[in-house]
Every structure is written in C-alpha cells, then in structure tokens.
Amino acid sequence: MTHSPFSSSAPTPILNIHGPHQRRTMKITWSRCLILSLVLSCRLVPEATADVEETSEGLGTPREPRWLTDIPATVELIAAAEVAVIGFFQDLEIPIVSIFRSMAQQFQDVSFGISNHSEVLTHYNVTSNSICLFRLVDNKQLRLDAEDIDDLDAAKLSRFIHLNNLHWVTEYSPMIGAGLFNTMVQTHLLLIMNKASPEYEESLRSYQKAAKLFQGQILFVLVDSGKRENGKVIAYFRLKESQLPALAIYESVDDKWDALTITEVTVEKVQSFCNGFLKGMLLRDQKAENDSGKEEL
C-alpha cells in the first residue's frame, strides 16, 4: 500500500493500486517529496472530450457511463479517451455500481463505461467485479479487483480516480499528487505561463502536440503563473516573472533540473529542450546553482 509521504498530518491510506500482473510500491525520499508536492500536485487539462462519451441532453440531465455491450465498443471507448474508467461487473446489484455511476458526473474530463457482458469481461481477463482505469499518457492500466471493491466507498473511488487521472497535459494545483508515483515516468516538464495571456490557447495546443512525442518518457505539466500560490514553483527554478513564459524540466530520481525562458511556445522548441535534457545536455550550471544555496521547497 502506498501513501503520500509529504502530508502535513498523518498519512491518509489510499487503495492498493496495481496493474494486471503485479503491485508496485515506490519509495520517495523526504526532500524529493517536498519538491514533488509542489511541482507535481495536479489536476488535469483534457485535450478534447472523447466523441464516444455519452453527453447530457438538456440542463439537469445526469451524465452517465456508457453501457458497453460488446468488445468493439469497449475498445473504441478506451482508444478515444485520454483517460477511461470502466466498471466490469458480474453483478449489477452490488452497492459499488451506483457509486461508480455517480463518478461520471464528478469527473467531466474522464470517459466512463460499464459492462456486465460475459464476452467483454472475458476479453479483459475479468473473473470478478473489477474497475479499471486506462490512460494514454503512459499506456498504463490500473485495476481495482474484488478484494479492493469489497470496502470501496465514494470517497475511496474518487481518490483512486483523482490520483491516477493523468492526461497529456496536467495542470498544477494544490491537489494530491501521489498518483504520479504510480508511473514509471520520472521526468516532468513544466510550462510556466499566465493563462490569462493572449498567447495561452495557442501555446497550450503546441504543448499538447509536443507531449504526444514523449509518451512514456516525460509527463507534461502546466503551471499558471497568474496564480499567486504558484510563486514557490517559479522560485524553485530560479525564474522571475519577467522571464516568463518558461519551460522547466525535472528528473525525480536524482533531482536534476533545467529551465529555459521562451518568447513563444512551439512544438520544435519544446522538443529540442526535452531531447537535450534526456541526453544530459543542461543549459544551466547545476553546480553553481547548488553552491549558491538554492532554497529547498
């Protein structure tokens, strides 16, 4: 079982989160988690709403999961969504089913599906009631099986989705970022810019396109410099307001980082910066930064 080690109070237990074949626990050092708590706490920026989602018709109509009656429909839902959560239920009368259906209303940027058809369950190796989260950013499948579902309530299920709801671009906010520990992607790129700027929409589109070029290698994060509470993130990377927008990249294994001020966000600039970092070519003098007593978060 994992938990967020940088909580200000006693650790809050979370669900066992595992892939189809094994469970994995990642250990994070205290200093590293202090950084990750600010740099990696997040909510998600959807690139687009999946066409296969069932949308509300008229005001006040609850958003429901899509009923999946065959394998092609299930495959289509998963392939079209950045994040899809599917309930595979042998028994539709158990309490978790109604709780699961309520999550579709809470998470508007996630595609939800539900199925009790035997051929669908067999195709996804489901032998009991199960809830699976599929995401494109790292081709990850996370699964809650019968032993997890037995004591599952709305708060626990909501937390599971929050922790693992990673899109192509993840927006920084003071939410729990522990879900980022449940991925093998240890490099994180931050675009730091004011969302109120006229260039924001175009910049975000370019940033999203670049994110797809580094699937499984780098997680892309957006930091709104217009929010006062994000000042510590900006300061950590030795950036000033006058230098924004900027790109900042961080490697969580050895705390290596780099930053680049830019006047325009283009796919080419983002790609070049990321490739250089991955090859070990840093633009900033890391030794000089460390010797100057850079403040820990």
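**Exercise 1: a helix and its surroundings**

How many residues does α7 have, and how far does it reach from its first C-alpha to its last?

*Solution.* Step one: α7 has 14 residues and reaches 20 Å from first to last C-alpha, close to the 20 Å expected at 1.5 Å a residue. The expected span is 1.5 Å times one less than the number of residues in the helix. Helices here are DSSP runs of H or I with at least four residues, strands are runs of E with at least two, and both are numbered from the N terminus.

Before going on, a word on the model: it is a predicted one, in which local features need pLDDT of at least 70 and side-chain atom pairs count only at pLDDT 80 or more, while totals for chains, interfaces and linings use all residues. Residues are numbered from 1 along each chain as its sequence is written, and side-chain values use heavy atoms, with hydrogens and water left out.

Step two: find the buried positions of α7, namely Y200, S203, L204, S206, Y207, Q208, A210 and A211. Buried means under 20% relative accessible area, exposed over 50%, and partly exposed in between, with a 1.4 Å probe and protein chains only.

Step three: look for open space beside the helix. The second largest pocket has a volume of about 220 Å³, and α7 gives the most to its lining, with 3 residues. The lining has 14 residues in total, and E199, S203, T263, E264 and V265 lie nearest the centre of the pocket. (On a 1 Å grid over the protein atoms alone, a pocket is an open set of points where a 1.4 Å probe fits, with protein on both sides within 12 Å along at least five of seven lines; lining residues have an atom within 4 Å of a point. Points are joined across faces, edges and corners, and the volume is the space filled by probe spheres set on them.)

**Exercise 2: the largest nonpolar core**

Which residues of the largest nonpolar core touch the most other members?

*Solution.* Begin with the membership: this core has 27 residues, and L189, L191, Y207, F220, L247, V270 and C274 touch the most other members. Its elements come next: β8 (187–193), α7 (200–213), β9 (218–224), β10 (246–251) and α9 (267–278) each supply at least two residues. Apart from it lies another core, of 23 residues, among them V85, A104, I114 and L144. (A nonpolar core is a set of buried Ala, Val, Leu, Ile, Met, Phe, Trp, Tyr and Cys residues joined through side-chain atoms within 4.5 Å.)

Now zoom in on Y207. Beyond its neighbours within four places in sequence, Y207 is in contact (heavy atoms within 4.5 Å) with V169, L189, L190, L191, F220, V221, L247, V265 and V270.

**Exercise 3: strand β9**

Is β9 largely enclosed or open?

*Solution.* Count first: 7 of the 7 residues of β9 are buried, so the strand is largely enclosed by the rest of the structure. Next, sort by face. In a regular strand the side chains alternate between the two faces of the sheet. In β9, I218, F220, L222 and D224 are buried on one side, and L219, V221 and V223 on the other. Finally, check the partners: β7 (169–172) is joined to β9 by 3 bridges in parallel, with V169 partnered by F220. β8 also runs parallel to β9, through 7 bridges, and M193 has D224 as its bridge partner. Strands pair if DSSP finds at least two bridges between them.

**Exercise 4: an open sheet and its hairpin**

What is the order of strands in the open sheet of 5 strands?

*Solution.* The order is β2-β4-β3-β5-β6, with mixed pairing. The edges are β2 (66–67) and β6, each pairing on one side only. Now follow β6 (140–144) to β5 (130–135): 5 bridges join these antiparallel strands. Along the pair, L133 is the bridge partner of L142, and I131 stands opposite L144. The two strands form a hairpin with 4 residues between them, and N139 in the turn has a positive phi of about 55°.
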